[in-house]
Amino acid sequence: MEKSHNEDRIGELPTLAGLPDLDTLPKEKQDDTGSDSAVDEKGNSYANSLDEDDKPEFRNGEPVITTGKDVSRFAIDIRDDGDAALTFRSLFLGTLFAGMGAALCQVSPQIYIFKPVQMSVSTVFLLLLIYTVGNGWAKFFPKRTWVLGTRLERLAGVLDFINPGPFTLKEHVVASLVASTAAGGSSAVQNFAVQRLYYDTNVEATTAVLATFSTACFGYGLVGLLRPLTVYPSEMVYWTNLPTVSVFQALHFDTAANYKRVKLFWTAFTGMFLYEIIPAYIFPLLNGINIFCLAGQKASSKTVDIFTNLFGGTDGNEGLGLMSFSFDWQYIGSVYMSLPLIQQANSWVGFFFCYIVIMGIYYSNTWNSLAFPMLSTSIFSSNGSIYRQSAVFGATFQLNETALQEVGLPALTGSNAWSNLTANLAIGGLIAHVVLFWGPYAVDSFKLAYRREQPDPHYQAMKKYKEAPWWWYAILLLLAFFAGLIVVLKGQTTLPWWSYIVALILGAFVTPFSTLLFARMGNGIATNQLMKMVAGAINPGRPVANLYFSMWSHDVVSTSIGLAGDLKMGQYLKIPPRVMFLTQVWGTILGAVINYVVMISVVDAQRDILLSPTGTNVWSGQVPQSLNSAAVTWSLAKQLYGFNGPYWIIPMSLLIGMVPTIIQWLIHKRWPKIGPVTINTVMLPIIYQYSAWMSVGVNSTITSSIIVGLVSQLWLRKYHPGWYKKYNYILGGALDGGAQVMIFVLSFAVFGASGVGRPFPSWAGNPGVGNVDYCNGNGALD
């Protein structure tokens, strides 16, 4: 791991007082390609104007992209052509692609909720479809110029409204954000899936739409009020959005330099599109080649079981996937080409502990782990069978004490209990880290935003547009509040109105902490366990009420992060703030309907698999299972999580997680750097979270993701910064787009999205029985 001066500072907050005034920045110049350049003939005019501590490292005349300030100065073009953003065409295309509903969303995040690997679908997928249709619209639809000087000239205004000319970058961004906001999976809909699967309750469409609208718009209202902290500053990067931003600019900025970027994009896109059919359909063994699995097929049954638990990982909940190599890009993704190296390094430490701890918990029989599968989010009876929760909670969804005595308490797998414990450790550590390390930065950010002096060059370029006033977001908060209140009072939630208010307050409290971490490091902290814990304390014996409490607390956090990232993308691409507000609200309203429709189609079609504790390598119910098990167990908080319960350490870990961070902060005050390690770059919340990363799902992608991160963020960024700056993010977007377009095609052609699946014939690379990677322990061949 490199140890340059700037790398040592990667996790530090910007020293705002040391940044230059705007008028000290170098003037942009027009290069011979017609593009505005932020670099002079020597390639470092920005660096010359900065204080010594803020200067980036240069290698071969190119800056090494390390911090958010480097991204703003060197990686993202500040160009603004001033073209119209909100047009009939942009809104129509955004609505059309969002409204394709279950069809388009078969490869959207809503479907990945029911996949064994939790992925988010790159906006590049929607972006390319919209780009193709948008350009076709501009070329073939009637234009104003067609009727000028003719008898139909009076129609010129109408035609200009319908087809204003070339399909511009800002139209493209608005249409894509409407579609992605609507089609992006809402975690609120996961709760409706749980009710449909485990409580035989078909939530009414009105309830679902109002509830989804409430959570999303409440989150967006919070984002608007927190913009000075979570959007405007340079260090708020939202790293996973950079490939999308890079693709937008490459497709629309027609310069000689961009010609090579566009050529690389389409070459990589086409290559990945053609390749993805191999690991996804013909040769699924490529998603997890493990030499131990292949070599150990004839070992004793006990050895095969151990090998499967440790090395297996291509099938859902099969094993930890140690030293497996995946060649399936749909599950690797470009995220590791975007996340900063410091974040990935912390996650690798977490991975190391994950392998050791989960194996240790299982084979030491902690929490009676040997009675259950090593990996599963289902809840079990003490004899290892699936827990009969319907007998305990009945048709009223409330605890029946007599039935509980007969059936007994539910039990978690050891890996699931560890995952819950680390989630609380991470939340405690996150709150402590933000307050202690980032507190002064938050205060300075609000002061700079109030004076409109935030030094980020993209923020300064946006000052010519009218800001969306704070009261717009305040009104949105009120509308969202009353929509949710209607659901609580009239819907099938069993949640008291006062508990609903507590949920919103809790979500609003956690949002700035989690958004700050995600914006700076590209990775947030799962807050669902905290919400379930509080819900269990104030709504004992009510699992469905716990689901809705978590929805209005955790979902506020998750939607806030997504919408804040979109606002940052709007800042990078110069979309006027008021247009962004209307775009996201409209997308949210569309998404409230679309996500509900998609959920019903998947749950009804794949019900048996989603209820299975293991699932398959195509479908998995791990997300709804996890939500349900948490809701059920936390509704029995006194019995399971009290000081006399088997899992008492889990709620205590919320406080325990704060202690190491406080100690870290004290050490940092005395010794900011120990050897090669800068103390405040050690992100304990991230380490905690990743130390349970392989507790569920398909885990064969871990090694490959580490390799991708090292190649991109260490080798290319450090030693080939020019290539990295020009091509890294565009390449990531191309690979994502190619893989996901092929998965979209395969979903309908062979995976059963159209109703009938057509599996590829069995052969060595696609075994018909057992696990795909040939680690066939734990009864895989039974």
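Colleague: Leaving aside its neighbours within four places in sequence, which residues is S369 in contact with?

Modeller: This is a predicted model, and every value that follows is computed from it. Beyond its close sequence neighbours, S369 makes contact with I361, Y362 and G414. S369 itself sits in the loop that runs between α18 (341–363) and β5 (379–380).

Colleague: Is S369 buried or exposed?

Modeller: The cut-off for buried is a relative accessible area under 20%. S369 has a value of 0%, and therefore counts as buried.

Colleague: Which backbone oxygen lies 2.3 Å from a polar atom of the S369 side chain?

Modeller: It is the backbone oxygen of T366.

Colleague: Let us turn to a tyrosine. Where is Y500 found?

Modeller: Y500 belongs to helix α24, which covers residues 497–521. Its relative accessibility is 0%, so Y500 counts as buried.

Colleague: What does the side chain of Y500 reach at 2.6 Å?

Modeller: The side chain of Y500 reaches the backbone oxygen of F481 at that distance. For L485, which is 15 residues away along the chain, the C-alpha atom is separated from that of Y500 by 7.6 Å.

Colleague: What does Y647 touch, not counting residues up to four places away in sequence?

Modeller: Y647 touches W367, A411, L412, A417, L640 and Y641.

Colleague: How many disulfides does the structure hold?

Modeller: A disulfide is a covalent bond between the sulfur atoms of two cysteines. This structure holds one. C293 and C775 form it, with their sulfur atoms 2.0 Å apart. The link is left-handed, at -90 degrees about the S-S bond. It joins distant parts of the chain, since C293 lies in helix α15 (residues 291–295) and C775 in the segment after α35 (721–749), 482 residues apart. Both cysteines, C293 and C775, are buried.

Colleague: Is C217 buried or exposed?

Modeller: C217 counts as buried because its relative accessibility is 1%. C354 likewise counts as buried, at 0%.

Technical notes
Residues are numbered from 1 along each chain as its sequence is written. This is a predicted model: local features need pLDDT of at least 70, side-chain atom pairs count only at pLDDT 80 or more; totals for chains, interfaces and linings use all residues. Side-chain values use heavy atoms; hydrogens and water are left out. Helices (H or I, at least four residues) and strands (E, at least two) are DSSP runs, numbered from the N terminus. Buried means under 20% relative accessible area, exposed over 50%, partly exposed in between (1.4 Å probe, protein chains only). A polar contact is a pair of N or O atoms within 3.5 Å; within protein, one must be able to donate a hydrogen and the other to accept it, and residues adjacent in sequence count only if both atoms are side-chain atoms. Contact means heavy atoms within 4.5 Å. A disulfide is a pair of cysteine sulfur atoms within 2.5 Å.
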